[in-house]
Amino acid sequence: MADPVVRFAGKGLAVPPPLSLYIHLPWCVRKCPYCDFNSHAAQSLPETAYIDALLADLEHALPDIWGRRIHSVFFGGGTPSLFSAEGIDRILGGVRTLTQLLPGAEITLEANPGTVEAGRFAGFRNAGVTRVSLGIQSFNLRHLAALGRIHDAAEACRAAELVATHFDTFNLDLMYALPGQSLDEAVADIEAALCYQPPHLSAYHLTLEPNTPFGHTVPPNLPDDDVAADMQLAIESRLADAGMQHYETSAYARPGHVCRHNLNYWQFGDYLGIGAGAHSKLSFHDRIVRQMRVKHPQQYMDAVRACTHVAVIRTLTRDDLPFEFMMNALRLNEGVPAALFEERTGLPLIVSKNALERAREKGLLETAHTRLKPTLQGQRFLNDLLELFLPGE
């Protein structure tokens, strides 16, 4: 009888995929009512103790990534810009000491307008951060208030000016389909963002997540589906006119400025996640595993000391892998080479033959067999496309 673990990854992975490092900093000034990330309002910030835990977590994880080079680092949250530049420098110093961080690796840090100033941005840059993702969400004071953001429109503008001054590559993060937002107001936010010539821009449809205040009590005056669709089309058109490529469901970039860290996710690359609640996806010759760290920050710090901080370890099965791969790869508007499926899963693409045929018949997937690429309809109805690859479908 075949080894049940080897069976999960087909004939095995000949070459491991690129590896990224995700570092979760879980504190915010205030939790936003739409946010379902693992974030916590900061009464006080145990920066030193938490960094101690992060570096111990990374050291414990070294056997899982031994000999592999790290292509990108991403500080997510929470609000990583609450941490001091000295703290970020200490974390990155530990990463360089413990791992094979590639020269020229992309190092991204998320920031919120209400938590930054010129000196802090300069400090982050000097620590080695190469890219900042700034959570603007809107330049409209009324919409910022509806979203529960801690910054106002003036702070949003000032933060965008600062990040453009200190970083060659940065992202401005916006949302649309907000409570009471009109089509013209959604486009006005895009126009305001373009004034700062962002190399990268993210535009997310507001989602009502179940375990959030917005999920429990739907905010009034949400745009209906038709208006939200009009907003999306108008945003896509304006950003195309501005020379930005719509390369992923919610991401737009000028040439040479795609987010390399996120692109690795979409191409089913590997990532080690450290910090409270961080997720990992790691490939070995005979298996692909997902992990999750303990979620609560204090419990995580205690668990690292006891070496019990990895709360969940799950090996992906043959049935899991087609959906897991497609859920990521088909978010890319240009898709991926068909050969990448076997390269990253260890399974022949023929295991998805029926799903691929149905997707092409429905007009959701391009007919070329050398590339897995959603059609324009497939991009619009991505969930319908992905459902075809669910186990048992």
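Where is Thr79 found in this chain? Here are my notes, starting with some ground rules.

1. **Ground rules.** We're looking at a predicted model, where local features need pLDDT of at least 70, side-chain atom pairs count only at pLDDT 80 or more, and totals for chains, interfaces and linings use all residues. Residues are numbered from 1 along each chain as its sequence is written, and side-chain values use heavy atoms, with hydrogens and water left out.

2. **Overall build.** The chain has 16 helices and 16 strands; these are DSSP runs numbered from the N terminus, H or I of at least four residues for helices and E of at least two for strands. Its radius of gyration is 21 Å, which agrees with the value near 21 Å for a compact globule of 393 residues (taken over C-alpha atoms; the globule rule is 2.2 Å times the number of residues to the power 0.38). Along the principal axes, the C-alpha atoms fill a box of roughly 65 × 50 × 40 Å.

3. Of the 393 residues, 54% are buried (under 20% relative accessible area, with exposed over 50% and partly exposed in between; 1.4 Å probe, protein chains only). As for contacts (heavy atoms within 4.5 Å), take those with a separation of 6 or more: 72% are between residues 24 or more positions apart. The accessible surface is about 17200 Å², and carbon and sulfur atoms hold 53% of that (Shrake-Rupley method, 1.4 Å probe).

4. **Thr79.** Back to the opening question: Thr79 sits in the loop between β4 (69–77) and α3 (85–98). Thr79 counts as buried because its relative accessibility is 3%. Leaving aside residues up to four places away in sequence, Thr79 touches Leu25, Trp27, Cys28, Asn112 and Thr115. With Asn112 there is a side-chain to side-chain polar contact at 3.1 Å (a pair of N or O atoms within 3.5 Å; within protein, one must be able to donate a hydrogen and the other to accept it, and residues adjacent in sequence count only if both atoms are side-chain atoms). Thr115 is 36 residues from Thr79 in sequence, with 8.3 Å between their C-alpha atoms.

5. Most residues other than glycine have a negative phi, and most peptide bonds are trans. Gly77 and Gly78, however, are joined by a cis peptide bond, with omega about 15 degrees, and Gly78 is in the loop between β4 and α3. Gln137, not a glycine, has a positive phi of about 70 degrees; Gln137 belongs to strand β6 (residues 131–137) and is buried at 7% relative accessibility. Cys307 also has a positive phi, near 60 degrees, and its place is the loop between α11 (297–306) and β14 (310–315).

6. **His261.** This residue lies in helix α10 (residues 260–266). How accessible is His261? At 0% relative accessibility, His261 is buried. The His261 side chain makes a polar contact of 2.7 Å with the side chain of Tyr265. Beyond four places in sequence, residues touching His261 include Ser72, Val73, Phe74 and Glu106.

7. **Glu248.** Here we have a residue of strand β9 (residues 245–248) that is buried, with a relative accessible area of 4%. Which side chain does that of Glu248 meet in a polar contact? That partner is Arg331, at 2.6 Å. Glu248 also touches Trp266, Leu332 and Asn333.
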